[in-house]
Amino acid sequence: MKKLLNDPENAVADSLAGFALAHADLVQVHHDPTYVTRVGGATTGKVGLVSGGGSGHEPLHCGFVGDGMLDAAVPGAVFTSPTPDGIVPALHAADGGAGVLAIVKNYTGDVLNFDLAVEIAEAEGARISTVVVNDDVAVENSTHTAGRRGVAGTLCVEKIAGAAAMQGRGLEDVTRIARRVVENVRSMGVAVTACTVPHVGKPSFDLPPDELEIGIGIHGEPGRRRVPVAPADEVAQMLLDPVADDLELSRGERVLLFVNGMGGTPSSELYVVYGRARRLLEQRGVTVARSLVGSYVTSLEMQGASVTALRLDDELEALWDAPVHTAALRW
Amino acid sequence: MTLDADWAERWIRRTADAVVDRRDELTELDREIGDGDHGENLVRGFRAVVAKLDARRAEAEEPGASPRLVGDVLKLTATTLMSTVGGASGPLYGTAFLRAAKVTGHPEIDTRTIVAMLESALDGITARGKAEPGEKTMVDAWTPAVDAAERAAGEGDEADALRAAAAAADAGSTATIPLVATKGRASYLGERSAGHEDPGARSTALLLAAAVEALGEENA
C-alpha cells in the first residue's frame, strides 16, 4: 500500500485536522467525539441539517458544511458509520430552535446509528425528522436486500434541502422537499479499480485488469455484474440507461445530470462519460437543464464514476440554483 | 448458585476475552459476506466496556457503596457498546443490552428473569434491526436461544436456561450457513451469500457461551 499517510490508524483524525485549518472560515472540527459544525454554530430560527457516515467518501459530508447546505456532519472511521456519541451532539449543535433534519444514506450501520442518536436527542428535547437517501438503482431486488443504497444522489438532497432551510422554511416543508429529491433522484456507478482502506492495507476486492464492476456502492462492495473493459461511451450507457429507465423519464422532462468521480478518475474522463450520458438523455427527449461534473462522493482512491439524474421542476431547480458556500461546493 | 452483578461482570469480561480470541474468525466471516470489520469493532467495543468495569469496580469497593444490580452492569455495557462499536452491530448489541438491563434491575436474578432478559434482548434487536428469523442475521441465533431458554426454564434452574440458550445459539449460528441473506450488508450478495456463516450470529453464540462460562467461575 502506497498512500500519503502517517499512522494509518490516524488517517481520519490527521485529515480532519488539516481540513479544519484550511477551512477555518467555514467549519469547526470537534474532537472526542468527532463532529464538524459551521463556524458560529446553529442559526436561530433556521432548520438545521445534519448528515454523516463513514469516512473515505470526501468531500461528502464534511466538505458540504457551510452556508446553504449542512450545519453539521459526523464522520465515522473509514467506511464505518459514526456512533451516536458523535451524532447526538451534532444534532444539538445544528438545532437553532426550528428543528433538525437528519439526512442518512441507506446503509444498515448508518441507519441504525442515526436511529439511535435521533431517539436519544429527541429524549433530550430536540425536534428531528429523518430522510433516508436510497438512489442506487444497482440494487434490483430491494425487497430481498437491505434496500437501495444511498450514494451520489445524497449531494442533491443536501444541497436542495439546505437551500430550502436557508429560505427559512419550517421543518415539515424542508423534510417534504428532501423527500421529493429522494423520490426523483437515481444513480448507478462503476468501479474501474478497487480501493484500499488505510488500516486494512490491501484492496477491498479483486478486480482483474481487464474487467469493470458495474453497479457498485461507495464502499468498494461488489455490484450488479462484472463486464469486460469497454469504451467509455458503452460504460456511460450501462450507467445511464438503468437510471433513466428507473426514473421513467419521459419526453419533455428536464433533469440535473451529475457525473461523479469515485476518487481516482480524472475529470477529463468524467467529461467523456458526461458527454455520452447527455446525448443519451437528449435522444430520449429529456432536457439536461443543470449539470455537475466532479469527484464529490468518493470511495478513497477508487477509479470509477457514477451517473446521477434528478428530475427537476421549477421549485427544485430554483433551490439547486440558490447560493451555496461550503468547502467543496460553492456558487 | 446466584446470578448477581458479579456474574454479569464475569459474563461481560469473558465475552471480551472471547471476541479477542476469535477476532480473526469473526473478521474472516465478515470479509466473506460483509465488510470485514465485525471482529475489530467488537474487540474495540468490549475492551472499552472492560475499561469502564475496571473503573467502576474501584468505586464500588469504597466503603458504604450500595449493592450493585445486574442491570447496572448490563446498562454500562449497552451504553459503551453503542458509543464505541459503530457499524450495525454497535446499535444492535447496545439495544439488546439496554433492554436486558431494564428487566434485571435487581441484586440477584432468578430463572424467570433470565428468560425475560433474553427475550427483551431479542425484542430490542428486532425492534432496531427489523430482521426476522431466516434472513441470515444475529436474530437466527437469538431466536432459538430464547425458545430453548423458555423450555429449559420450565424444568430447570437459571443455569439450565443459560446452557440451553447457548447451545441453541451455537446451532442457530451454524444453521445460517446455507441461508441467503435478505438483511444487512450481506444481502447485496444475494445467492452468493449462501455457504457462509453469519458473523453476527456467530458473535451471539460466543456471547451466550460466555454467560454459561461465567457461571462456573463463581469462586474464581
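Predicted model: local features only at pLDDT ≥ 70, side-chain atom pairs only at ≥ 80, totals over all residues.
1. H2 spans residues 23–33 of chain B, and its buried residues are Leu26(B), Thr27(B), Leu29(B), Asp30(B) and Ile33(B). They lie on the same side of H2(B), because they cover an arc of only 160° around the axis.

2. Contact between the chains. Chain B puts 22 residues in contact with 23 residues of chain A. On the chain B side, helices H4 (70–84), H5 (89–102) and H6 (111–129) each give two or more residues. By class, that side of chain B holds seven nonpolar, ten polar and five charged residues.

3. Domains of chain A. Chain A splits into domain 1 (8–184) and domain 2 (185–320). Their centres, taken over C-alpha atoms, are 22 Å apart. Domain 1 of chain A brings 29 residues to the contact, and domain 2 of chain A brings 32. On the domain 1 side, helices H4 (153–166) and H5 (171–184) of chain A each supply at least two residues. H4(A) has the largest share of that side, with eight residues. The side of domain 1 of chain A that touches domain 2 has 18 nonpolar, five polar and six charged residues.

4. Cis peptide bonds to check. Most peptide bonds are trans. Two in chain A deserve a look. The bond from Glu58(A) to Pro59(A) is cis, with omega near 10°. The bond that joins Leu60(A) and His61(A) is also cis, with omega about -10°. Pro59(A) sits in the loop between strands S3 (48–55) and S4 (66–67) of chain A. His61(A) is likewise in the loop between S3 and S4 of chain A.

5. Positive phi at Leu300(A). Most residues other than glycine have a negative phi. Leu300(A) has a positive phi, near 50°. Leu300(A) lies in the loop between strands S12 (287–294) and S13 (304–311) of chain A. Is Leu300(A) buried or exposed? Leu300(A) is buried, because 24 other C-beta atoms lie within 10 Å and the cut-off is 20 or more.

6. Positive phi at Lys136(B). Lys136(B) is not a glycine, yet its phi is positive, about 65°. Lys136(B) is in the loop between H6 and H7 (139–155) of chain B. Lys136(B) counts as buried because it has 28 C-beta neighbours inside 10 Å.

Methods
Residues numbered from 1 in each chain as written. Chains lettered and ligands numbered in written order. Domains from an automatic or database assignment. Contact = placed C-beta atoms within 7 Å. Helix = DSSP H or I, 4+ residues; strand = E, 2+ residues; numbered from the N terminus. Nonpolar A, V, L, I, M, F, W, Y, C, P; charged D, E, K, R; others polar. Buried ≥ 20, exposed ≤ 12 C-beta atoms within 10 Å, placed from the backbone. Arc of directions from axis to C-beta.
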